Amino acid sequence: MDTYDTTDSNEHPWLGRLIVVGLFLLAQGIAVMLVAFVALLVSLEPGWSATTEQASLLQPGDAKSGTLLLKEDRAYTEAIRLGIDVDITVSGPTLRARVTQIFRNPTKDWAEATYVYPLPAGGAVDSLKMVVGNRVIVGDIKERQQARVIYEEARGAGQKAALTEQERPNIFTNSVANIGPGETVLVQIEYQEPVHQSGNEYSLRLPLVVGPRYNPAPIVQSVDFRNDGSGWGATNSDPVPDRDRISPPVLDPARNAPVNPTSITIRLNAGFALGEVKSPHHNVKVESPDNTTRIVTLADGAVPADRDFELTWKPAAAKAPSVGLFRERVGDTDYLLAFVTPPAAEQATQKPRPREVIFVIDNSGSMGGTSIVQAKASLTYALSRLQPTDRFNVIRFDDTMDVLFPASVAADAERVGEATSFVSALQARGGTEMVPAMRAALTDKLGDAGMVRQVVFLTDGAIGNEQQLFETITAMRGRSRVFMVGIGSAPNTYLMTRAAELGRGAFTHIGSVEQIEERMRGLFAKLENPAVTGLSAKFSEAKADVTPTIIPDVYRDEPLVLAAKLDTLAGSVEIKGRVGDRPWSVTLPLQNAAEGKGLSKLWAKRKIDDAEVARTLREMTPEDSDKAILALALDHQIVTRLTSLVAVDKTPSRPEGEPLKLSELPINLPAGWDFAKVFGERQQVPAQLRERHADARSQSATRRPTPAATDTIRLPKTATSAELKMTAGVILILLAMILFVFNRRQSLLTDAA
Amino acid sequence: MPRFISPLVLALIGIILFGDGAYIHAKAWLAQVLLERAFDKSVATGEVVRPWSWADTWPVARIEVRRIGASAIVLEGASGQALAFGPGHIRQTADAGERGVAVYAAHRDTHFRFLRNVAIGDLIDVTRSDGKHFRFRADSSAVVRFDASGIDPAIRAAELVLATCWPFDAVVSGPERYILHATLIGTDE
């Protein structure tokens with residue numbers, strides 16, 4: 001071997017040198033390539049990893065970055081302007097509100113505007129008027145699909161049109177087509193609502209802004225097998241199928257002046273001598289023409305629509321009337337509305353049963369700012385009210401969840417102290433996965449029948465998958481009662497009331513720190529005192545269609561509210577129940593009923609809610625409940641999930657060929673919310689919120705043929721680095737092999753030498 | 001011995017790079033197998049089915065070009081993660097078969113490698129996850145910049161656009177995109 005090699009090298013002395021030189025150059029080349037390659041990988045990673053989707057459209061969550069803000073600013077300054085005027089007349093037990101939205105188009109283009117806005121969940125929207133110049137066009141109630149078709153045809157034909165659709169019982173969308181350059185179109189909707197009563201206090205709540213909702217990403221969570229045993233089933237689909245319809249663009253308050261100025265006037269005819277009238281969240285001016293009437297206006301003129309307006313009033317007498325009976329005749333039918341406040345059981349005769357209380361607190365990003373402060377203070381107050389005989393537990397949730405104790409523990413000083421410090425350490429961040437928290441709260445581990453089981457749920461309700469939560473409550477409520485505490489300046493009232501109804505509990509709102517003590521005390525009165533149970537209503541002569549069909553238990557200081565449709569206004573109604581363990585009954589002669597307004601609408605609205613509840617409880621098939629809702633809605637002209645109001649001005653206004661630009665009107669962030677907590681924290685609010693923003697524009701093409709902002713679709717990067725990597729890899733491997741062979745040769749040569 | 005270290009290191013880097021590249025292809029291929037199953041289930045049940053439990057996207061359609069025997073399952077969204085597994089349906093565009101333009105984008109070196117072979121006049125079949133079936137005919141192609149695609153989402157007809165990077169054989173990605181435009185010619189449910 002040695003001889004051979006030596007001979008070889010001796011024979012070709014130039015070959016070795018050539019190889020050395022060649023390999024040196026190659027090695028240098030490789031080094032340069034490697035360095036270049038690493039540099040390329042480092043510097044171009046986002047660009048060429050081919051994974052960055054181009055930010056295609058302006059999204060609220062992106063308003064953080066400067067470049068996009070410029071766009072948003074421009075959109076804001078050039079967009080359609082909206083002003084809102086609300087005029088509410090309270091007549092005794094009911095109120096009628098007229099909400100006028102003024103759409104002004106300062107741009108040079110023809111425009112279509114959509115505005116997503118809240119209304120009280122118990123309100124029956126029954127009138128839509130569109131005012132163009134001096135013409136008033138009155139809207140008709142139509143099935144939802146049909147109304148949309150009418151609207152779209154009018155839009156295509158260049159006619160002015162307005163459409164009112166319900167997205168949730170408390171979220172509505174108004175669309176207005178073909179607003180000409182420089183033109184103003186007024187859209188006026190009206191709704192009827194019962195006045196809310198709690199103990200001695202009457203109140204109305206006018207929500208003014210839809211808080212941004214957290215919409216959980218679609219996850220296949222469970223399978224519904226068909227009943228026929230065929231083994232086929234359907235998986236759950238998107239929890240919020242209409243996520244884009246309830247997510248209007250939200251302006252960052254730090255970067256934009258508030259929009260949507262709102263003026264409010266309330267004519268309050270209480271029907272009794274009035275005492276204190278106040279608005280906890282707005283400065284108001286109260287005029288008193290006489291002792292039963294007040295006119296309430298905003299003291300500072302128009303305010304931005306960024307929080308709920310609340311008005312409360314109390315009678316001058318120490319005690320509010322405990323019975324109210326009102327009637328209305330529509331055609332040949334009579335409608336009746338009854339308020340009865342059952343007497344409070346005397347504490348002495350009733351030994352309170354020990355309770356197991358599960359507190360659930362929402363510490364998601366939407367609670368950031370003042371809401372979390374209110375929630376924590378409320379919960380701390382509640383913990384201090386626990387008796388040593390009670391058992392309790394605390395659950396906190398955002399998109400994660402913690403249960404403080406493995407099972408409910410006795411409320412001794414040590415445990416309460418532990419819970420208090422747990423609560424005070426909470427911070428608001430992340431998404432709002434409410435369903436798992438509700439499941440955990442409703443899981444009855446003790447199963448002790450001797451105890452009353454109560455769940456107290458503190459949240460702003462800013463979720464889009466309400467229905468999933470309702471189904472969870474229905475399926476798991478068992479013997480637990482659910483009490484909802486709505487927190488913040490714009491809580492989701494629909495979620496609160498329906499969850500409390502399905503959970504056979506009660507709800508309360510806390511809109512500011514000052515309200516905490518009063519409202520929590522009221523809630524504890526409900527928690528600690530026995531409810532009025534086994535309620536029934538019997539009409540002596542009239543044949544009555546009563547709603548609610550099954551009268552829920554009534555808690556301390558709450559009135560029982562009944563609406564009925566009667567064939568004749570005669571005889572009396574007897575209401576029976578049990579206060580604690582004592583029977584109680586009251587008889588109301590119908591002749592004494594006072595004239596009320598809009599009671600038929602309230603009855604119909606309440607019947608519709610009953611049908612929705614029956615559907616959730618699976619007492620009615622979806623088809624049956626839809627049929628019942630549709631019939632009631634068309635009969636009483638009410639906007640529902642299945643019906644919309646549409647108004648079309650037959651005079652064409654937009655000339656053919658002129659393009660129509662869509663603008664989705666932005667809304668304010670509810671007062672006290674933290675924009676960064678809701679939209680900013682990408683780490684804590686991952687895919688879901690991003691997805692939702694993307695989705696907010698996703699169906700632009702199907703939903704609206706002429707979006708304004710979209711000029712063209714931006715295409716994503718569609719090249720992988722696979723080939724480059726593989727080629728580079730092969731080259732490197734080849735080089736390594738050459739180097740290896742060369743080295744081996746060298747070593748052999750050296751050995752020989 | 002130390003002189004063997006440098007070739008070994010080189011070889012190792014080479015293998016890693018090659019593996020990394022091959023992994024992209026393997027992922028693209030394996031994902032399509034899983035997606036195929038999820039999609040069939042979607043069509044059978046009419047519900048959204050996730051191909052694997054932690055997926056952040058789900059199949060929305062199957063796209064086929066019978067003449068060249070190409071087929072792929074399209075995912076919702078055109079994020080990088082989705083594109084690694086299959087063609088993505090760009091979110092702010094219409095669903096295929098609905099009024100408006102549906103835009104599907106995919107990598108030129110994986111799922112839309114076949115796009116170069118699609119000729120004008122070829123039939124493109126799209127089966128949506130709700131079981132509806134649509135047939136499109138390719139009628140034009142163009143090379144555009146990614147931010148000036150000229151695709152107008154507001155049109156009234158039902159159209160389909162398939163997009164991928166251009167040029168097909170380039171090694172690094174650039175701003176140009178190849179788009180193939182097709183118009184709806186038939187539907188059966």
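Leaving out its neighbours within four places in sequence, Tyr381(A) touches Ile516(A), Glu517(A) and Met520(A); being in contact here means that the C-beta atoms, placed from the backbone, lie within 7 Å. Before we go on, bear in mind that this is a predicted model, where local features need pLDDT of at least 70, side-chain atom pairs count only at pLDDT 80 or more, and totals for chains, interfaces and linings use all residues. Residues are numbered from 1 along each chain as its sequence is written, while chains are lettered from A and ligands numbered from 1 in the order in which they are written.

Back to Tyr381(A), then. You'll find Tyr381(A) in helix α5 (residues 370-384) of chain A. Helices are DSSP runs of H or I with at least four residues, strands are runs of E with at least two, and both are numbered from the N terminus. Although Tyr381(A) and Ile516(A) are 135 residues apart along the chain, their C-alpha atoms are separated by 8.4 Å.

Now for some strands of chain A. Strand β9 (residues 184-194) of chain A has 8 of its 11 residues buried, so it is largely enclosed by the rest of the structure. Which strands pair with β9(A)? One is strand β2 (residues 94-104) of chain A, which runs antiparallel to β9(A) over 11 bridges. Pairing, by the way, takes at least two bridges found by DSSP between the two strands. To find your place in that pairing, look for Val99(A), which sits opposite Ile189(A) of β9(A). Strand β4 (residues 124-132) of chain A also pairs with β9(A) in the antiparallel sense, over 8 bridges. There, Val131(A) faces Leu186(A) of β9(A).

Strand β19 (residues 309-315) of chain A has pairings of its own. Strand β11 (residues 201-206) of chain A runs antiparallel to β19(A), and 5 bridges join them. Leu206(A) has Phe309(A) of β19(A) as its bridge partner. Strand β15 (residues 274-278) of chain A is antiparallel to β19(A) as well, with 3 bridges, and Leu274(A) stands opposite Pro315(A) of β19(A).

Next, a helix pair. Two packed helices are described by the angle between their axes and the distance between the axes. In chain A, the axes of helix α7 (residues 434-442) and helix α8 (residues 466-476) come within 9 Å and cross at roughly 15°. The axes are lines fitted to C-alpha atoms, for helices over the stretch in contact, and the angles run from 0 to 180 degrees between N-to-C directions. α7(A) and α8(A) are therefore roughly parallel to each other; angles under 35 degrees get that label, those over 145 are roughly antiparallel, 65 to 115 is roughly perpendicular and the rest are oblique. On the α7(A) side the contact is made by Met434(A), Val435(A), Met438(A), Arg439(A) and Leu442(A), and on the α8(A) side by Gln468(A), Leu469(A), Thr472(A), Ile473(A) and Met476(A). Sorted by class, that contact has 7 nonpolar, 2 polar and 1 charged residues. Ala, Val, Leu, Ile, Met, Phe, Trp, Tyr, Cys and Pro count as nonpolar, Asp, Glu, Lys and Arg as charged, and the others, Gly among them, as polar.

A few backbone spots deserve a look too. Most residues other than glycine have a negative phi, and most peptide bonds are trans. Asp557(A) lies in the loop between β30 and β31 of chain A, and its phi is positive, near 75°. Asp557(A) counts as partly exposed because it has 19 C-beta neighbours inside 10 Å. Arg618(A), in the loop between α11 (599-616) and α12 (622-636) of chain A, has a positive phi near 60°. With 11 C-beta neighbours inside 10 Å, Arg618(A) is therefore exposed.

Finally, chain B. Its secondary structure comes to 2 helices and 8 strands, following the pattern α-β-β-α-β-β-β-β-β-β along the sequence. Of the 189 residues in chain B, 50% are buried. A cis peptide bond turns up here as well, joining Trp166(B) and Pro167(B) with omega about -5°. Pro167(B) is in the loop between β7 (158-165) and β8 (176-188) of chain B.

Technical notes. Contact = placed C-beta atoms within 7 Å. Buried ≥ 20, exposed ≤ 12 C-beta atoms within 10 Å, placed from the backbone.
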